[in-house]
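Reader: I have the sequence and the model open, and I would enjoy a guided look. Please walk me through what the atoms show.

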Amino acid sequence: MPSSARPFTGASELAGLAPVAQDASQLPPALPGFESFQRFWDRDNGCWMVKILPGEYYVSRSEEAISTVLGSCISACVRDPTRGIGGMNHFMLPQDATQGPNDWLDPAIGLATRYGSYAMENLINDLLKLGAVRERLEIKLFGGGRILAAMTDVGGRNIEFIRNYMTLEGYRVAAEDLGGTQPRKVVYFPASGRARLRKLRPVENRIISHHEQLYLDSLGKQAAGGEVELFD
Amino acid sequence: MARILAVDDSAAMRQMVGITLTGAGHDVQQAADGAEALEIAERQKFDLVITDVNMPKMDGITLVRELRNRASYRYVPLLVLTTEATLERKQQGKAAGATGWLVKPFNPERLLATIAKVLG
């Protein structure tokens, strides 16, 4: 194929690299604990990419992208620029009010806050274990849309949680795009800290909302708390 | 009522554990890492220590080991409250001398029940 007829393949071409087909042998190594994530070559961005679903998070120290689609859920994109490691989570707050005597929406200690803090800590702990320094963390926040005209503003509650959490933990928000009525697709590059955001058409709301509901349903038991083991 | 030292580098977690324990009538002191906790524990005697694992300066497993090496904490219940759920980490905790291991997400009722149990 003559070079002039080559399809444009994104960043690799811009960088003057040959747009050769990428095979799995060129995959950057996955960090321990993240080997099960499927990665694919993304032609638009000219890099390897991993898609995360509601409830998941992914951490990387390689030149790859993490992508997700958000309705009312929140994604935090967190990295240590000095260490060159970063990651993204995708979570929402459980809504089952029957789990425990505390008011589940109590901003200090309710089930919702407990689970949200857990989702944030999972991602941040993994970064700290890889040598990231808490004071250096650069955090970008996305999501929390009000994508369905439901009685309760689930997205708004998720936003309220993450703002409280950031303040309480003393983290600064490096960038954010929260709220609104449209779903979002976020592509995050942990190596550079760049985040690409695309607003999706509301026609996709029902599908996204359906996936978020499935996640919520599976959340109930998990959010209530982990196991307890007493040693002999 | 027990005197409890709660150790976590996350302010959100410290707040949740603090509210839970004070709400149940316990007297709570907090520390943001293992080193700070050790310093406080050496000045004051506690009936129980509950600690996170991954923290700057000194991690929770090291804190448990250090406390167990001190005569005044040899028999004090030391609980671990962490996102770490692997058998390997639990065994490290047990070997260090931890009394019990609670996996996050944090559950207030379960924590209180566990504390009541280990304090006998």
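**Pairs, packing and a helix**

Reader: Let's start with E169(A): buried or exposed?

Author: E169(A) has 8% relative accessibility. A word on the ground rules: this is a predicted model, local features need pLDDT of at least 70, side-chain atom pairs count only at pLDDT 80 or more, and totals for chains, interfaces and linings use all residues. Residues are numbered from 1 along each chain as its sequence is written, chains are lettered from A and ligands numbered from 1 in the order in which they are written, and side-chain values use heavy atoms, leaving out hydrogens and water. Buried means under 20% relative accessible area, exposed over 50% and partly exposed in between (1.4 Å probe, protein chains only), so E169(A) counts as buried.

Reader: Which residue forms a salt bridge with E169(A)?

Author: A salt bridge is a side-chain nitrogen of Lys or Arg within 4 Å of a carboxyl oxygen of Asp or Glu. Here R134(A) is the partner of E169(A), with the closest N and O atoms 2.6 Å apart. R134(A) is in the loop between α2 and β7 of chain A and E169(A) in helix α3 of chain A, so the pair ties together parts 35 residues apart in sequence. The partner is itself buried, with a relative accessible area of 18%, and its name is R134(A).

Reader: How many salt bridges does the structure hold over all chains?

Author: One of them joins D80(A) and R136(A), whose closest N and O atoms are 2.9 Å apart. It links distant parts of the chain, 56 residues apart: D80(A) in strand β5 (residues 74–80) and R136(A) in the loop between α2 and β7 (138–143), both of chain A. D80(A) is buried with a relative accessible area of 0%, whereas R136(A) is partly exposed at 31%. Over all chains, the number of salt bridges is 21.

Reader: Which residue of chain B forms a salt bridge with E121(A)?

Author: The closest N and O atoms of E121(A) and its partner K104(B) are 2.8 Å apart. This pair crosses between chains, from helix α2 of chain A to the loop between β5 and α5 (108–119) of chain B. The partner is K104(B).

Reader: On to aromatics: how many aromatic pairs does the structure hold?

Author: Rings of Phe, Tyr and Trp (its six-membered ring) pair if their centres lie within 6.5 Å, and planes under 30 degrees apart count as stacked, over 60 as edge-to-face and the rest as tilted. Over all chains there are 8 such pairs. Among them, the rings of F34(A) and Y58(A) have centres 5.5 Å apart and planes at 75 degrees, so the pair is edge-to-face. Both F34(A) and Y58(A) are buried, and the total of aromatic pairs is 8.

Reader: Which residues do ring pairs link into a cluster?

Author: F34(A) and Y58(A), both buried, belong to it. Ring pairs complete the cluster as F34(A), F37(A), Y57(A) and Y58(A).

Reader: Which residue has its charged end over the ring of Y73(B)?

Author: A charge sits over a ring if NZ of Lys or CZ of Arg is within 6 Å of the ring centre and within 35 degrees of the ring normal. In chain A, R194(A) lies over the face of F189(A), 4.4 Å from the ring centre. For Y73(B), the distance from the ring centre is 5.4 Å and the residue is K45(B).

Reader: Which residues of helix α4 of chain B are buried?

Author: Helices (H or I, at least four residues) and strands (E, at least two) are DSSP runs, numbered from the N terminus. On the other side of α4(B), L87(B), E88(B) and A95(B) are exposed. The buried residues of this helix, which spans residues 87–96, are K90(B), G93(B) and A96(B).

Reader: Where is V64(B) found?

Author: At 2% relative accessibility, V64(B) counts as buried. Leaving aside residues up to four places away in sequence, V64(B) touches T51(B), L78(B), V80(B), A96(B), G97(B) and A98(B), where contact means heavy atoms within 4.5 Å. V64(B) is found in chain B, in helix α3.
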